[in-house]
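Here's a quick tour of one structure, taken a piece at a time. Keep the 3D view open as you read.

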Amino acid sequence: MAPLDPHSFTDSTHAFTTHVSLSLYFDFASSTIHASALLSFQNPHTGPISLDARTLTIVSVTDPVTLAPLPFSLSPPDPIKGCHLTVSLSNHSSILISYSTSPQSSALQWLTPPQTFNKTHPFVYTQCQSIHARSVFPCQDTPAVRIKYAARINIPRHLSAVMAARHVERRPPYPGEGWAEVSDSVWCAEGRVVEEFVMEQAVPPYLFAFAVGELGHREVGPRTRVYAEAVASLLDAAAREFAGTEEMIRQGERLFGEYEWERFDLLVLPPSFPYGGMENPRMVFLTPTVIKGDASGAQVVAHELAHSWTGNLITNKNNEHFWLNEGFTTYAERRIVEAVQGEDRAALNIGIGWRGLNEEMERFKDNMEITKLKTKQEGVDPDNVYSQVPYEKGFQFLWRIERQIGRPAFDEFLKKYIATFKFQSIDTDMFLIFLKTNIPGIEKEIDLEMWTEGTGIPPDAYEPVSSIYTRIVSLANEFKLGRMPREDEVADWQGQEWELYLENLPKSVEASQILALDERYRLSESKDYEVKVAFLQLAILAGCKDYYNEVEKILKEVGRMKYLRPLYTALVQGSGKDEQKIFAKGVFAEAREGYHPIAQGVVESILTKHL
């Protein structure tokens with residue numbers, strides 16, 4: 001076997017999948033999908049072919065032409081990779097797999113009506129990054145393999161579906177579409193409807209995405225529609241927050257070249273969504289916590305938009321090179337923010353990132369391998385080492401190159417890089433060869449090996465310089481000496497200013513200082529989750545039990561890991577915290593079912609480490 005990804009059973013000597021055609025029957029009562037997947041390969045293959053599967057029940061594997069059964073085996077589950085599905089082929093260029101998902105699918109979150117905004121209908125959505133597509137359909141689940149796909153989604157008529165693909169039509173079910181797994185009487189039953197989609201551009205499996213629920217939408221631009229649950233107030237707030245999306249797309253095109261995906265639609269998911277955003281092409285998924293009322297949430301949209309070039313067009317070959325997705329995208333996001341919202345906003349964004357990068361060094365002080373850009377992840381669950389390092393250290397590396405050669409030259413380099421590698425999956429070495437070829441002598445000016453393979457923050461990384469950034473950090477330093485900012489000093493502050501201020505306060509402040517700060521500025525009541533969580537983290541570390549109710553409320557109403565990780569960690573980290581640890585364990589026991597499976601796993605790993 002010649003593996004090409006530490007997180008996949010895919011064999012580099014086997015034929016790669018080029019197209020997948022799916023028939024998916026959604027059974028909300030049992031939280032399962034009964035499905036068939038037609039996998040087509042780049043060329044006919046003889047011998048075993050290796051696929052990834054997790055918590056799937058494989059019913060049959062057949063030749064799609066003759067329907068003759070094909071021999072297959074399913075290994076016991078590996079705790080990280082799931083099951084190794086091996087199918088024996090004899091000059092086959094396609095196979096048909098009938099299967100069912102499990103209620104425990106790591107990609108899927110099935111929400112009951114009470115867990116939704118409207119409290120009326122159920123909802124289900126996917127989160128396939130990093131290695132969870134295999135729990136929705138058997139596949140070569142590595143970004144080294146790019147696939148096109150088609151999907152027929154059979155759902156109750158009162159619901160609708162969206163996908164990270166082009167919508168073809170909504171229509172009645174036709175007999176025979178369910179293939180072997182779903183009988184015609186079930187597939188074509190009264191009250192069912194089929195939504196049909198196609199993805200005509202090759203994408204890595206982690207970008208496969210759908211959502212099904214009671215959905216509404218608002219138009220916000222010629223290429224953008226905002227979807228969410230059909231709640232007028234939610235849709236209107238989302239439309240206001242993201243009204244500037246078309247201008248961001250235009251700026252992205254000016255900087256990085258043509259937008260290749262036709263549509264840039266947005267889906268605001270229920271609060272349990274574990275990330276800020278997910279860059280699914282044509283249909284970005286967003287947490288409702290980015291709707292802040294001041295358009296600053298659009299910076300998350302800028303990040304997901306930037307992925308349209310770096311991440312979706314050019315993709316890391318596997319998770320060991322994740323910085324190629326996220327470092328480039330963080331750089332691109334800040335260029336878009338600077339163009340649309342100004343240099344001060346971009347500087348605040350960089351400053352918050354710089355603070356976060358320094359905090360990650362503390363988090364991984366016992367496992368500095370994870371602070372490299374080019375990591376080794378054999379036997380490592382990517383969800384457990386997800387961090388700001390590939391984003392912020394990757395950004396710092398690219399910013400260092402920009403400072404060395406100047407922005408105009410770097411802009412030309414970026415456009416050439418994107419044009420050269422689009423619709424390909426690459427690794428760090430390929431990037432470095434391209435860099436040295438196109439910027440001769442760069443390795444004499446910048447220690448490329450230290451940046452990509454060294455641990456920690458390189459000495460030529462750069463803290464941002466701007467008057468607003470310097471002023472906020474200075475005020476945070478004065479707080480350590482007992483001086484709180486005056487109201488006239490913070491009169492024009494929005495969420496990002498407060499976030500940067502709180503992030504720069506020492507983690508060991510007195511409870512009396514926390515209470516005084518909140519009495520003056522009501523930070524615990526902020527509508528901006530970034531501000532609220534940063535404040536509550538300090539309050540927990542200071543031993544302020546006054547805020548436990550607020551902490552519990554957030555942990556029960558929101559599933560975004562950016563908030564869960566610091567709050568649970570603050571509660572359980574360190575010695576002599578028995579009461580806090582009992583509190584954390586109790587909250588998680590009650591909140592767990594409301595979290596996406598990925599978030600459940602992350603919180604469990606935090607509690608296991610410290611309890």
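Glu-497 sits in helix H13, residues 495–503 (helices are DSSP runs of H or I with at least four residues, strands are E runs of at least two, both numbered from the N terminus). With 3% relative accessibility, Glu-497 counts as buried (under 20% relative accessible area; exposed is over 50%, partly exposed in between, using a 1.4 Å probe and protein chains only). Its side chain makes a polar contact of 2.6 Å with that of Arg-345 (an N or O pair within 3.5 Å, one able to donate a hydrogen and the other to accept it; sequence neighbours count only if both atoms are side-chain atoms). Leaving out residues up to four places away in sequence, Glu-497 also touches Leu-348, Ile-468, Ile-472 and Asp-492 (contact means heavy atoms within 4.5 Å).

A note on the source: this is a predicted model, where local features need pLDDT of at least 70 and side-chain atom pairs pLDDT 80 or more, while totals for chains, interfaces and linings use all residues. Numbering starts from 1 along each chain as its sequence is written, and side-chain values use heavy atoms, without hydrogens or water.

On to helix H3: its buried residues include Met-248, Ile-249 and Leu-255, and the buried set packs against these elements:

| Element packed against H3 | Residues |
|---|---|
| Strand S14 | 224–229 |
| Strand S15 | 265–268 |
| Helix H4 | 298–306 |
| Helix H5 | 323–341 |
| Helix H8 | 407–421 |

Just after H3, Gly-257 has a positive phi of about 105°.
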